Amino acid sequence: MTAKLILVTTPDLPTAHHLAEGLLERNLVACVNLIPSVVSLYKWEGKLEQNVEVQMFLKTIERNVADIESYIHDHHPYDVPEFLVINIDHGSKGYLNWVQEMTSQGSK
């Protein structure tokens, strides 16, 4: 089992809650952390932008990544939402087993 950490930003807490609940209801993630008030600076369409966003941390397993990406793209208000997948190379065995257990019934 390869555990994954997925990063997604959203424009506000209601959007982040909606996305998190949908992913949890589908057993695609074991846990979602929401960190409000992340200041993001980036270039968009040639202009420097700055926005306050909510950073989402999604914990899941490798086999659910494609379904999570599809769900985010289908339900996210941004044209190009952040979707970054990080491999979990090491972690508490008990926690990683819990992630596996909570996500093993994902939609695949």
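## Overall fold

The model is predicted: local features need pLDDT of at least 70, side-chain atom pairs count only at pLDDT 80 or more, and totals for chains, interfaces and linings use all residues. Residues are numbered from 1 along each chain as its sequence is written, and side-chain values use heavy atoms, leaving out hydrogens and water.

## Size and packing

The C-alpha atoms fill a box of roughly 45 × 25 × 20 Å along the principal axes. Of the 108 residues, 36% are buried, meaning under 20% relative accessible area with a 1.4 Å probe, protein chains only.

Contacts (heavy atoms within 4.5 Å) also tell a story. Among those between residues at least 6 apart in sequence, 74% join residues at least 24 apart.

## A closer look at lysine 59

Where is lysine 59 found? Lysine 59 lies in strand 3, which covers residues 47-61. Lysine 59 is buried yet has no salt bridge, a term for a side-chain nitrogen of Lys or Arg within 4 Å of a carboxyl oxygen of Asp or Glu. The nearest side chain of opposite charge (Lys and Arg count as positive, Asp and Glu as negative; His and the chain ends are not counted) is glutamate 82, 14 Å away.

Leaving aside residues up to four places away in sequence, lysine 59 touches several residues, including Lys4, Val29, Cys31, Tyr95 and Thr103.

Terms used. Buried means under 20% relative accessible area, exposed over 50%, partly exposed in between (1.4 Å probe, protein chains only). Helices (H or I, at least four residues) and strands (E, at least two) are DSSP runs, numbered from the N terminus.
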